[in-house]
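Have the model open beside you as you read.

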Amino acid sequence: MKLSLFHSLQNPCRLYLLPFKSRTLNATQLAQFSTHPQQQISHQPHNKSISYSNLLSQCVASKSVRVGKQIHAHLIRFGFSQDSTFRNHLINVYAKSRFFGHARKLLDQCPEPHLVAWSALISGYAQNGLSREALSAFHEMHGLGVKSNEFTFPSVLKACSSSKDLRLGMQVHGVVYVTGFESNEFVANALVVMYSKCGEFGDARKLFDVMQERNVVSWNALFSCYVQSDFLLEAMDLFEEMVLSGVRPDEYSLSSIINVCTGLGDGRRGRKLHGYVVKLGYDSDLFSANALVDMYAKVICLEDAVSVFEEIAQPDVVSWNAVIAGCVLHNCHGRALKFFRQLGGSGIYPNMFTLSSALKACAGLAFEKLGQQLHSFLIKMDTESDSYVKVGLIDMYCKCEIMTDARLLLNMMSKKDMIACNAVISGHSQMAEDIEAVTLFPEMHREGIGFNDTTLSTVLKSIASMQAVKVCEQVHALSIKTGFLSDRYVINSLLDAYGKCGQVENAVRIFEECKTEDLVAFTSMITAYAQYEQGEEALKLYVQMLHRGNEPDSFVCSSLLNACANLSAYEQGKQIHVHILKFGFLSDTFAGNSLVNMYAKCGSIEDAGRAFSEVPQRGIVSWSAMIGGLAQHGHGKEAINMFNQMLGDGISPNHITLVSVLCACNHAGLVTEARKYFESMKELFGVVPREEHYACMIDILGRAGKIQEAMELVNTMPFQANASVWGSLLGAARIHKNVDLGECAADMLLVLEPEKSGTHVLLANIYAAAGMWDKVAKMRRLMKNNQVKKEPGMSWIEVQDKVHTFIVGDRSHLRSREIYVKLDELLDRIHKAGYVPMVENDLHDVEQSEKERLLRYHSEKLAVAFALIATPPGAPIRVKKNLRVCVDCHTAFKFICKITSREIIVRDVNRFHHFKDGSCSCGDYW
């Protein structure tokens, strides 16, 4: 849409004064009247009274006080000012036009109290919203002994309604009853309205039921009170009762009941009422048509709303507002602005509500230039200071990502309100300006500006992104103090924030204490468990969620798949896959990507490939997951082919994709290919190598024995080497038994990560391989003195939806005796097949037989032995280990997979090993 279409916004708002109609009094008549008063008014007193009275009545109808004053001057000039009839008309003109000083002066000039004069004054006060003054005048009149009539009582009761003065209203009711006006139609209607607006609907209904004559005005009186008090169902019942009683609704009844349908969201009744409007011939009534446009837009269908709008012969600003707001509600922002442009050409000038909707449309489309034009237009209209408009402007600037102007507008507000502050906090949060979002919250709190659930939820979102635990605890305490911990939005935001801050225990405590059972709360908790490697708890909570009747969404399923991936829980991952199919999430890209990741990390690269082929819209995350999976499984060439296919599909890699490509080259020993990708990634893909890319390349060179080249890369890279780089070099030193490199790398790692036991263990392995047992003993003493404990080797295996954990030499398992018998049997069989224990990497300075005994019961061997007795024959065995699989276990598994005819898939800390038919997929290169 071209912004030039809205050039008219730059014109200042023109003000049109409505002319005084000829049927009331025009300037020519007034001039003729002032020049020849005797010709204009008959000498007969009766005719004279009628003429002046008509003229003054017309002034009341148009509130033309200027003309009324001119007539008043004529009456004084020609000696008619003492006439009580004229005086009463003049009081009425002044009172209705809010010139109460003039009205009261005329009243005080009356030689004796006059009911009509007092009634005119009280009516003027009441109609202009001055309830207190109206009631004061009534008291004064009553004190003078002037009795009210059927014209006075409705005005007094209206003042009681506006001021919610039930006590005085009941007193007036008593006077009405005593004076016999209770049966008067106008007085009775006013009593019904008074009781309704004072909240006494029972009394209002009783009065209504005893009314002798109930016309459509009577029904509308009670009906409007129900609507204004949001008793929408009662209003609907009352309307149906009115129709059944034979009273024909008028345009006011119909427009009101259509608004009721809008409030109830009852489109079915709304359509029936549309037919009723047409049947009664009110389809050309502007009020009913506007109500229909609003109802269709909010409840049924935007197209129907537009159809009704287009049938309005002369739409007013309310009509335009309804259709424009409807378009915005349905996110048809371009269409809203198109209607806005048409409004500008119709000759009708927009009001604040029109411009507010236009601002929302600009915000939705991020049309900052048009939004700024609207801002200029609002300044010219002098409505920019209106708080409702200013909030709309702030929201527009926030969504157009012009936070400087949004903050400027907020600071210019003479009295900042909560909605404006919420809009700015939300804007900062959406733009990842989390510090600004979080710091604005205490500022508004100090200034005494209130906050609500939206404020807290938005602030907690930014806290979660910052992982600011202490701030999260403060907001938590404030939520408890102010009673917001009962609000489910705040609860869910706290769960999410604590989860993302790694405070899973705090999240669990809130979840259990607040007993929340909605899907968002379960999603937050499941995600927290999955993210912080508590996958078993995530799966348990999912079962609990299903038992409570909550159906999962794609986000829950994605989190569960990540939990299964971390656990290598292949069977449970397949069950989640079934749920994804059952609930129709297969077309969801997030769920599809998580499936690829889960199957790859659970050791089934074939299933990962099938899941990848079913992802509807493969983006960079999908491709990266598949390439990374192939790399982890040692399929380096396939990973590179997949990468080239991705490039052919027009998808540009990001830094994560290129890490996966380098890992693929690493696991397959493709040094030349790795060097090509590393050296050209900036030129070809615009990705500047990061620390992880350098670490990967150094690892590739180190594993390939190119130690000198690896060290040159360390010395020339643009940042200081981190633990990953030195870890790669330490690993290369172990592979190539390079003691000097090992010591150099270990020295750096002990400075960077002194608490990590892996450094001590690897260096000790290097010493042991070189037969340097004195230095092995020295490393052990160093670990003991520094209280560094070696991380125990642990292995996990999933059997029948349960994850079993094993530690070296562990005998705590319920089937421990069977496991050890099976393992001893296996080791005897593979010994006969040619297996020789790989004792050279054992750190213990003991006899070879003792070393063999220590290697015999490693955790991964126990896990495989358990799988052989607990799973069906021929089923693949999937084991996950927290450390690098040892050389002896790697050798043993090549024999075991052959003699048992089982595929053994081991996922260690670095990669997957597929043992099948006596060999491993890594080709002994790991």
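Q: How do you know that the charged end of R618 sits over the ring of F612?
A: This is a predicted model, and in it the charged end of R618 is 4.8 Å from the centre of the F612 ring. The distance cut-off is 6 Å, along with a limit of 35 degrees from the ring normal, so R618 counts as sitting over F612.

Q: What makes R878 and Y570 a case of a charge over a ring?
A: The charged end of R878 lies 3.8 Å from the centre of the Y570 ring. With the limit at 6 Å from the centre and 35 degrees from the normal, R878 is counted as sitting over Y570.

Q: Why is the pair of F223 and F239 called tilted?
A: A search of the whole structure turns up 20 aromatic pairs. For F223 and F239 the ring centres are 6.2 Å apart, and the planes meet at 45 degrees.

Q: What does the pair of F223 and F239 tie together?
A: F223 belongs to helix α13 (residues 216-228) and F239 to helix α14 (residues 232-244), so parts 16 residues apart in sequence are tied together. Both F223 and F239 are buried.

Q: What makes the pair of Y694 and F719 edge-to-face?
A: Their planes stand at 85 degrees, with 5.4 Å from centre to centre. Edge-to-face asks for over 60 degrees, and pairing for centres within 6.5 Å, so Y694 and F719 qualify. Y694 is in helix α41 (residues 691-703), and F719 is in the loop between α42 (707-716) and α43 (723-736), 25 residues apart.

Q: Why is Y694 called buried, and why is F719 called partly exposed?
A: Y694 has a relative accessible area of 11%, and buried means under 20%, so Y694 is buried. F719 has 27%; exposed would need over 50%, so F719 is partly exposed.

Q: How do you know that L409 is buried?
A: Its relative accessible area is 3%. The cut-off is under 20%, so L409 is buried. L409 is found in helix α24 (residues 403-412), and its C-alpha is 8.0 Å from that of L393, 16 residues away in sequence.

Notes: Residues are numbered from 1 along each chain as its sequence is written. This is a predicted model: local features need pLDDT of at least 70, side-chain atom pairs count only at pLDDT 80 or more; totals for chains, interfaces and linings use all residues. Side-chain values use heavy atoms; hydrogens and water are left out. Rings of Phe, Tyr and Trp (its six-membered ring) pair if their centres lie within 6.5 Å; planes under 30 degrees apart count as stacked, over 60 as edge-to-face and the rest as tilted. Helices (H or I, at least four residues) and strands (E, at least two) are DSSP runs, numbered from the N terminus. Buried means under 20% relative accessible area, exposed over 50%, partly exposed in between (1.4 Å probe, protein chains only).
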